Amino acid sequence: MNAITLDRPALDALHAQARWLSLLLAAIGLHVFESALPNLGPWFKPGLANIVTLLTLVMLGPRAAVSLALGRVLLGSMFIGTLLTPTFFLSLSGTIAATTVILAAWRWLPGTSLVGISLLGAMAHMVAQFVVVEHFYIQQPALYHLLPPMLLLSAVTGWINGALAAYLCARVRP
């Protein structure tokens, strides 16, 4: 009788998967925590889970950061009961835009700090949400009058999140 043998994955691969999963759980926890916070404005949350996306980018690379960002939105929305609602689609569109801009800045703007990358991602997130709201829900160009103050608020939270991510990256083992 032939015994089926399975190759064991390398310990380094298991360690990276465990690290990614722990970061995903932290991001989901922050996503759920943010849902309980009072709104700072329409469609606005501080984006604390993006700190974890930045950490993942630095520690595990772009592919892990993309899968973490998308997994966080999907699973976090399931936990708070917003899956496939307008809130989910706003979060997903903002996350896709922010993650795309973050990865582009990471790759094509070498030497940009995590604060700068976070600022760019926060701006992209806010612009994407406005575009989705105007295109699918409200359909009033006057909505864009709210964009400048919301971008200012995004810049503040993007800077804070980037500074926190840089602080944590300096203190977390690689």
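Is F88 buried or exposed? F88 is buried, its relative accessible area being 6%. The model discussed here is predicted. The points below cover its aromatic pairs, its nonpolar cores and a nonpolar patch on its surface.

**Aromatic pairs**

- The structure holds two aromatic pairs.
- In one of them, the ring centres of F88 and F89 lie 5.1 Å apart with the planes at 70 degrees, so this pair is edge-to-face; the cut-off for that class is over 60 degrees.
- F130 belongs to helix 5 (residues 114-138) and Y144 to the loop between helix 5 and helix 6 (147-171), so the pair ties together parts that are 14 residues apart in sequence.
- F130 is buried, with 0% relative accessibility, while Y144 is partly exposed at 30%.

**Nonpolar cores**

- Eleven residues form the largest nonpolar core: L48, I51, L54, L55, L57, A65, I102, A105, L114, I117 and A165.
- At least two residues of this core come from each of helix 2 (49-60), helix 4 (86-108) and helix 5.
- The most is given by helix 2, which supplies four residues to the core.
- I51, one of the core residues, touches N161, L164, A165 and L168 when neighbours within four places in sequence are left aside.
- Another core lies apart from the largest one and has nine residues, including M126, V132, V133 and M150.

**Nonpolar surface patch**

- L74, L75, M78, F79, L83, L84, F89, F136, Y137 and I138 make a nonpolar surface patch of about 980 Å².
- Helix 3 (62-80) and helix 5 each contribute at least two residues to the patch.
- Helix 3 gives the most, with four residues.
- L74, a member of the patch, sits in helix 3 and is partly exposed, with a relative accessible area of 40%.
- F89 is likewise listed in the patch, and F89 is also the partner of F88 in the edge-to-face pair.

Technical notes:
Residues are numbered from 1 along each chain as its sequence is written. This is a predicted model: local features need pLDDT of at least 70, side-chain atom pairs count only at pLDDT 80 or more; totals for chains, interfaces and linings use all residues. Side-chain values use heavy atoms; hydrogens and water are left out. Rings of Phe, Tyr and Trp (its six-membered ring) pair if their centres lie within 6.5 Å; planes under 30 degrees apart count as stacked, over 60 as edge-to-face and the rest as tilted. Buried means under 20% relative accessible area, exposed over 50%, partly exposed in between (1.4 Å probe, protein chains only). A nonpolar core is a set of buried Ala, Val, Leu, Ile, Met, Phe, Trp, Tyr and Cys residues joined through side-chain atoms within 4.5 Å. Contact means heavy atoms within 4.5 Å. Patches are made of residues with over 30% relative accessible area and no salt bridge: like charges are joined within 9 Å, nonpolar side chains (Val, Leu, Ile, Met, Phe, Trp, Tyr) within 5 Å. Accessible areas come from the Shrake-Rupley method with a 1.4 Å probe; for residues, only the protein chains shown count as cover. A salt bridge is a side-chain nitrogen of Lys or Arg within 4 Å of a carboxyl oxygen of Asp or Glu.
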